[in-house]
Amino acid sequence: MKIVSCLTLKPSVLAMSLLFGFSVSCTTKQPARSTAEERITITAYEADRKLEVHIDGKLFTAYRYPTDLYKPVLYPVHAANGTPITRGWPYEPRPAERTDHPHQVGMWLNYGDVNGLDFWNNSNAIKPENKHRYGTIRHHAVKRVQNGNEQAELEVQMQWLSPDNVVLLQEETRYIFKGDANSRIIDRITTLTAQQQEISLEDNKEGFYAIRVARELEHPTASPAKYIDANGKEVDLSTGDPAVTGKYLSSRAVEGEAVWGTRAEWVALRGTIKDQPVSVTIMDHPKNVGFPTYWMARGYGLFSANPLGQKVLSEGKEELHFKLAPGEAVTFRYRLLIKDGQTQTADSTHHAYEEFNKLY
């Protein structure tokens, strides 16, 4: 089969290549910023199984699909000032960070119950005799790469697989990357299409669009708790850690860990990293199933929008039982907004949320 490098083709030629069944392979390893008109660029490194996103020559994030992770992720994710807002472990561990939940890497989208299979918790920590209970999301193809001055776009195709490699869902995801001097934006537009069988996404708390944040953005804890950090050292959280500064705020004015299990249009996680204020906001969209979404926002650093797990998150007051017939599709739209160097207010967040709604 002929191999075509999608980063070196004009859009019209790339489209023709895809039409006639050529395999599109992003192999170019050029500097991140190629022209004055392309300040936001995507560069592919096939051997490393990743595509890096740079803004003004600085690493923003990377779309990664390593063989030892059971889903593609964006990892790491950096603020405009270069500070990583995602946890480093397991690939780039940092001192005094937790080493729990090996499946929580970077930023991702998956779910804990798809036709009875757990896609959320799958990792190398699962024993071989239990693997039949877990699903895998596999990167399948890069469909389009577009660099630009205002934004860059990446379109990829993934497959949600059963343990015996049956494709349950075909995923088409479009990432839009933007940024300026003190902000970064990722819009994710994901369409899931059921293949040869009905797909049931039963109400489950393990989902859906999530990020595992840096240690500094966790919530301070007053209760005794211990964990083993990335260096194998036992850390006692009851003593208090001045580096831990995170606090959630929802569009419904709910604060702190009370955000968990509530509905909201958006939730912001605000804190301080290296003496600089930073906020990480996830935005739902009115066209999404289950809008406004429930939130599974945890003090230990898991930050997730879950529109599908309504029964457990509402404590039985609501149920969804979302299903797709064979060939039926559903689309989800989310925005991640990162601000650094200034305090992100509720008013400014709501204004950004309204702009996001108008785009899609």
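Among contacts between residues at least 6 apart in sequence, 58% join residues at least 24 apart. The model is predicted. The protein chain has 360 residues, and 54% of them count as buried. Its secondary structure consists of three helices and 22 strands. The accessible surface comes to about 15,300 Å². Carbon and sulfur atoms account for 50% of that surface.

**Nonpolar cores**

- The largest nonpolar core holds 63 residues.
- I85, L154, F177, F303 and L336 touch the most other members of this core.
- Leaving out residues up to four places away in sequence, I85 touches V77, H78, A79, I211, R212, V213, A214, L217, I273, V278, V280 and I338.
- Another core lies apart from the largest one and has eleven residues.
- Its members include M283, L337, Y353 and F356.
- In soluble globular proteins, nonpolar side chains tend to be buried together.

**Second largest pocket**

- This pocket has a volume of about 300 Å³.
- Its lining comprises 17 residues.
- D180, S183, I185, R335 and E355 lie nearest the pocket centre.
- Helix 3 gives the most, with five residues.
- By class, the lining divides into seven charged, six polar and four nonpolar residues.

**Q310**

- Q310 sits in helix 2, which covers residues 310-313.
- Q310 has a relative accessible area of 6%, so this residue is buried, the cut-off being under 20%.
- Beyond neighbours within four places in sequence, Q310 is in contact with D203, R263, G290, Y294, E318, E319 and L320.

**T345**

- T345 lies in the loop between strand 22 and helix 3.
- The relative accessibility of T345 is 39%, so T345 counts as partly exposed, between the 20% and 50% limits.
- T345 and R270 are 75 residues apart in sequence.
- In space, their C-alpha atoms are 9.7 Å apart.

Key
Residues numbered from 1 in each chain as written. Predicted model: local features only at pLDDT ≥ 70, side-chain atom pairs only at ≥ 80, totals over all residues. Heavy atoms only, no water. 1 Å grid on protein atoms, 1.4 Å probe; cavity = no way out; pocket = protein on both sides within 12 Å on 5 of 7 lines; lining within 4 Å. Points joined across faces, edges and corners; volume = space filled by probe spheres on them. Helix = DSSP H or I, 4+ residues; strand = E, 2+ residues; numbered from the N terminus. Nonpolar A, V, L, I, M, F, W, Y, C, P; charged D, E, K, R; others polar. Buried < 20%, exposed > 50% of the residue type's maximum accessible area, 1.4 Å probe, protein only. Contact = heavy atoms within 4.5 Å. Core = buried A, V, L, I, M, F, W, Y, C linked by side-chain atoms within 4.5 Å. Areas by Shrake-Rupley, 256 points an atom, 1.4 Å probe, with all protein chains shown as cover.
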